[in-house]
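Biologist: Could you take a close look at the salt bridges for me, and explain the terms as you go?

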Amino acid sequence: MDSEQLIELIKKRRSIRSYLPDPIPDEHINKILEAGLYAPSGKNRQPWRFFVIKEVKTIRSIAKSTTYSKFARHAPIMVLVFAKTDADYPLKKDMISIGACLQNMMLTATAMGYGSCIVGELYGMQASLAQAVAFDADEYLLTCGLAVGKVKCAADHAVQKEVDSKLLLPKKGC
């Protein structure tokens with residue numbers, strides 16, 4: 001893939017909220033997760049941990065616990081993304097790394113023909129979801145979910161501003 005193809009893939013990626021019920025093969029799920037592992041992280045800590053959910057009933061239960069993310073109930077998989085919460089490194093720095101991890105995963109999903117969307121509303125809900133998904137939440141903070149599936153209805157292309165409109169400029173006279 002050359003730089004132009006990469007830029008086009010980045011521009012093509014959308015937050016998809018409408019999925020077909022088609023299952024995703026395990027080898028595709030593993031490739032998406034593996035892409036996340038190649039994200040940069042402070043001290044190469046790789047603070048992310050994944051919990052993959054394929055059971056429709058569980059995914060629907062999680063989606064039902066949200067206000068804005070009910071769309072996730074139709075995704076054939078939900079990846080819960082956790083941060084390791086040991087005290088030897090600032091969590092806020094690990095969150096930046098987890099953002100890069102998620103971007104790698106979403107770009108890979110797009111390249112493989114899937115849609116995805118972050119379910120940020122799940123942040124910090126590990127205690128309330130622990131029973132539904134049976135994991136040990138003591139050492140981890142639930143940062144978000146990632147809904148992934150075949151696209152049922154594609155999102156419109158977002159209108160992007162020019163780079164100049166996003167630049168912060170120094171104060172005049174400085």
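Modeller: What follows is a walk through the salt bridges and the places of their partners.

This is a predicted model, in which local features need pLDDT of at least 70 and side-chain atom pairs count only at pLDDT 80 or more, while totals for chains, interfaces and linings use all residues. Residues are numbered from 1 along each chain as its sequence is written, and side-chain values use heavy atoms, with hydrogens and water left out.

The structure holds four salt bridges, a salt bridge being a side-chain nitrogen of Lys or Arg within 4 Å of a carboxyl oxygen of Asp or Glu. In one of them the side chains of D26 and K54 meet at 2.3 Å, N to O. This pair links distant parts of the chain, since D26 is in helix α2 (residues 26-37) and K54 is in the loop between β1 (48-53) and α3 (56-64), 28 residues apart; here helices (H or I, at least four residues) and strands (E, at least two) are DSSP runs, numbered from the N terminus. D26 is partly exposed, with a relative accessible area of 42%, and K54 counts as partly exposed at 40%, where buried means under 20% relative accessible area, exposed over 50%, and partly exposed in between, with a 1.4 Å probe and protein chains only.

Another salt bridge joins R45 and D88 at 3.0 Å, N to O. R45 lies in the loop between α2 and β1, and D88 in the loop between β2 (77-84) and α4 (91-111), 43 residues apart. D88 counts as exposed, at 54% relative accessibility.

E139 forms a salt bridge with K84, their closest N and O atoms being 3.2 Å apart. Salt bridges that share partners also join R45, D88 and D94 into one network.
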